[in-house]
Amino acid sequence: MNGSRVVVTGGAGFLGSYLCERLLEGGAAVVCLDNFLTGSPRNVEHLIGRPAFRLVECDLTGFVHVPGQVDLVLHFASAASPADYLRHPIETLKVGSMGTLHALGLAAEKDARLVLASTSEVYGDPLEHPQKETYWGNVNPVGPRSVYDEAKRFAEALTTAYRDSRGVDTAIARIFNTYGPRMRPHDGRAIPTFIRQALLGEPITVTGDGSQTRSICYVDDTVDGVLALAASDFAGPVNIGNPAEMSMSELAETIRDLAGSASPVRFIERPVDDPAVRRPDTTLAEERLGWRPRVDPLTGLRRTIDWFEKELSSPYSVAS
Ligand code: NAD
């Protein structure tokens with residue numbers, strides 16, 4: 001990436017901020033576009049002032065113009081937590097559709113490569129396990145989660161159409177549940193919720209009977225995978241995730257133990273269309289990108305808990 005100029009949409013969000021950081025470390029210039037719907041300038045404030053970094057407030061669903069050369073577009077703008085996309089259903093559909101259209105238009109105009117941040121949610125409540133890229137998914141098009149799942153499925157279709165009919169150099173990353181420092185303690189995703197509850201001694205709220213599984217990937221691994229895809233000429237779609245699968249009950253108990261907490265586990269109602277299982281088959285990423293996750297869940301969770309401990313006691317906490 002050294003010497004290249006990269007646009008990161010959603011760059012002030014959780015994943016986007018790490019991408020901006022790593023790209024700058026690798027010698028790239030970075031233009032971060034964000035409307036701060038679910039992200040915050042605070043996530044990239046440590047980068048502001050670096051000559052190679054520009055933060056631009058921009059709603060990707062409106063007019064998007066970036067002057068000068070662009071070599072790569074990492075299209076990460078979109079609410080990602082269920083609590084966020086259920087609060088912003090239309091915005092989520094718009095950024096997945098119109099936002100992706102504008103990101104692809106930018107890549108086409110600049111003759112740049114574009115990597116789409118797609119998601120394991122395109123597999124819906126999967127009937128194939130683990131999930132390979134060849135699986136088409138099981139998504140309810142009118143369920144509450146459809147605003148996110150279908151927006152991403154549309155974004156994949158649009159990206160493929162730009163590649164096939166306009167010759168734009170694109171790639172699709174299907175990212176599985178990623179966690180790490182800088183997640184918002186109240187963003188509604190399981191890991192920040194469990195950690196916050198464990199650290200504050202509140203009941204840890206597990207949905208359903210806790211037997212549903214997820215496979216969690218530490219942010220550094222996800223970022224490595226996305227950057228490996230960006231640096232390759234592979235179109236994907238390719239799964240980026242950690243196959244280490246665990247039930248939600250196991251996850252809650254692991255977090256409670258690592259946090260040294262005595263919080264009880266409380267079972268609450270399971271959300272509609274919540275997937276029963278989730279595990280990536282990462283063979284394709286290993287073969288085509290030479291990538292596989294390296295951080296085991298205990299190490300990653302420990303690092304994340306340490307960060308949350310500091311964050312929750314900070315007077316500048318964005319604990320919202
Ligand atoms: P996030 O909510 O922290 O970041 C998303 C960013 O996009 C935010 O900064 C938000 O303000 C910005 N944004 C939203 N709508 C926008 C618009 N119209 N114009 C400009 N900016 C806009 O979420 P995240 O976890 O960092 O996820 C980033 C991307 O990765 C998303 O596209 C998400 O679908 C994808 N993804 C994430 C995960 C995960 O586990 N974190 C898993 C699969 C896919």
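One definition before we start: a crossing is left-handed if the near helix is turned anticlockwise from the far one by less than a right angle, and right-handed if clockwise. Helices here are DSSP runs of H or I, at least four residues, numbered from the N terminus. This is a predicted model, where local features need pLDDT of at least 70, side-chain atom pairs count only at pLDDT 80 or more, and totals for chains, interfaces and linings use all residues. Residues are numbered from 1 along each chain as its sequence is written, and side-chain values use heavy atoms, with hydrogens and water left out.

First pair. Helix H7, residues 248–258, packs against helix H9, residues 297–312, at about 55°, and the axes are 10 Å apart. Axes are lines fitted to C-alpha atoms, for helices over the stretch in contact, and angles run from 0 to 180 degrees between N-to-C directions. So H7 is oblique to H9. On the angle classes: under 35 degrees is roughly parallel, over 145 roughly antiparallel, 65 to 115 roughly perpendicular, and the rest oblique. The H7 and H9 crossing is right-handed. H7 brings Leu251, Thr254, Ile255 and Leu258, while H9 brings Leu298, Leu301, Arg302 and Ile305. Contact means heavy atoms within 4.5 Å. That contact of H7 with H9 splits into six nonpolar, one polar and one charged. The classes: Ala, Val, Leu, Ile, Met, Phe, Trp, Tyr, Cys and Pro are nonpolar; Asp, Glu, Lys and Arg are charged; the others, Gly among them, are polar.

Next pair. The axes of H3, residues 89–110, and H4, residues 146–166, come within 9 Å and cross at roughly 10°. H3 is therefore roughly parallel to H4. Their crossing is right-handed. Among the residues that meet are Gly96 and Leu104 in H3, and Ala151 and Phe154 in H4. How does the contact of H3 with H4 divide? Into 11 nonpolar, six polar and no charged residues.

Third pair. H1, residues 14–25, packs with H6, residues 219–231, at about 65°, axes 10 Å apart. The crossing of H1 and H6 is right-handed.

Terms used: Helix = DSSP H or I, 4+ residues; strand = E, 2+ residues; numbered from the N terminus.
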